[in-house]
Amino acid sequence: MTATISDEETPLLHEQQHKKAPTPLPWAQFTILLVLQLAEPLTSQVINPFAPQFIRDSGITHGDETRVGYYVGLMQSIFFATQAMTVLHWSRLSDHLGRKPIIMTGLFGLSLSMYSFGMSTTYWGAVLSRSLNGALNGNVGVLKSMVAEITDSTNLAQAYAYLPIAWASGQALGPAIGGYLSRPTEQFPDVFGNSEFLKEYPYFLACAVPATFSAVAWLVTYLFIHETVSHPLSLRSFIKLRTGKANLQLQNDDASQDTLVEATDDISLKKDIIENKPFPLKALLIPRVIMSAFNYACLALVDITLRSVQPVFFATPVELGGLGLPPYMIGRILSIFGILNGIIQIFFFAKVHNRFGTKRVYIFGLASALVVFASFPVINLLAKVEQEHSWFVWAAVGFQIVTSIIINFSYGCIFIYITASSPNKASLGTVNGLAQVGVSIMRTIGPATANSLFSLSIDKQHHYLGGNLVYVVLAFIACVSLIVADRLPSKAWTHDDDLSS
């Protein structure tokens, strides 16, 4: 007997006659998954403090300081561009071949690409390394799928409250590592002053730390992670199964398993569906999946533009519209953000979510971006008026950092929507992959666009809107994202623990 998909207005967390007691989190596996998730933010955040200086050192700008933001944005975007082209394929493979081999492949890609980045001395060599990083890494959606598969409706929100630990830790450790270990022969001449290798490759030491962490994480995955896909196929069986299936022509966008079975004459596909195997890709393009994925993409665009502009703003001279901070100070600020973010997410997300609901918290977090964007010109104005970095300036920076933490509340909420939108758990990897494609595209566009706008805004010849054009455009994007967010249902959809009985 096959159960059908419930109506979209039914809540994810079932309000049954007798409320179910929360299931304890499987801490052994869950903790390992949190540690594995640290690999990606660590590798992505480590370059932020020294990226502007790396661009200057590479000579690509020919001494034009206003072009630094443009090339930083392009280098950041290339990772997400290549990830967008491959992440769905990795996620679909994980539904069929299992999560574990895909995670190991992703960790290998992260490690290899970071070692390569550390050995780069030219701008285009660094771009190539970042491209490799994105192309080989499909772990974002796969790890989220594993978290959903080892939890249920009673402890899902609690699990997502802990997920930001990995990103918060990466946001704290990554910038600190990048800031303190870049150009070590200059920062620590007594220790590294005689190293010709580190003089030639001044960013290798900073990149080697996350690269080595990813290599260790690969070993941990191999030894300790338990597969969550019930019956993963061999690669040969997967190729044979996929190429032998006929195309489905569905009459109902929100099709149930019964509808899917009736829509095809292919015997193997019928068996695949009935046994609760992954749905065909076309069958997953239903309104609730698309709506969740689109909102995730909008949130990612707002967030990535902020995170991309922020270090460039901190590094840009005060007279040009920034704060004029050195890399180590930028790393320290971003690390403080990461620490505070982790603490606040752990202790407050689940409580706030349970009190106000998924949609309200999501919208509130997204709206806080408007305040953050408005704070940039205020900080620069204070720096100009005070001449030096007085406590007024640091108070404004602190306010910006704390306010930007609220944005991350929206991530836990949208993850709940995405998990609930999947027709069955066996398709969760593909659904997360679909959502990640949109996010990767936005994260490709976001850094390059935002930092190009920043460079355009502070251009000495035009100085658009007094150097504040970039913040006006980013605030507009946040407003559009809020309109899209209003289309979400007040409560997430039902996601049955087991659709087949």
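Visitor: Is cysteine 413 buried or exposed?
Guide: This is a predicted model, where local features need pLDDT of at least 70, side-chain atom pairs count only at pLDDT 80 or more, and totals for chains, interfaces and linings use all residues. Residues are numbered from 1 along each chain as its sequence is written, and side-chain values use heavy atoms, leaving out hydrogens and water. Buried means under 20% relative accessible area, exposed over 50%, and partly exposed in between (1.4 Å probe, protein chains only). Cysteine 413 has 0% relative accessibility, so it counts as buried.

Visitor: How many disulfides does a search of the whole structure find?
Guide: A disulfide is a pair of cysteine sulfur atoms within 2.5 Å. The search covers the whole structure, and the number of disulfides found is zero.

Visitor: How far apart are the end C-alpha atoms of helix 4?
Guide: The expected span is 1.5 Å times one less than the number of residues. Helix 4 covers residues 68-97, 30 residues, so it should span 44 Å. The model agrees: the end C-alpha atoms are apart by 43 Å.

Visitor: Why is helix 4 described as largely enclosed by the rest of the structure?
Guide: Helix 4 has 30 residues. It is largely enclosed because the number of them that are buried is 24.

Visitor: Which residue takes a positive phi just after helix 4?
Guide: The phi is about 110 degrees. The residue is glycine 98.

Visitor: Which helix gives the most to the nonpolar patch?
Guide: Patch residues have over 30% relative accessible area and no salt bridge (a Lys or Arg side-chain nitrogen within 4 Å of an Asp or Glu carboxyl oxygen); like charges are joined within 9 Å, and nonpolar side chains (Val, Leu, Ile, Met, Phe, Trp, Tyr) within 5 Å. Areas come from the Shrake-Rupley method with a 1.4 Å probe, and for residues only the protein chains shown count as cover. This patch, about 720 Å², includes Phe108, Trp218 and Leu219. Helix 5 (99-118) and helix 13 (204-224) each supply at least two residues, but the most, five, come from helix 13.

Key
Helices (H or I, at least four residues) and strands (E, at least two) are DSSP runs, numbered from the N terminus.
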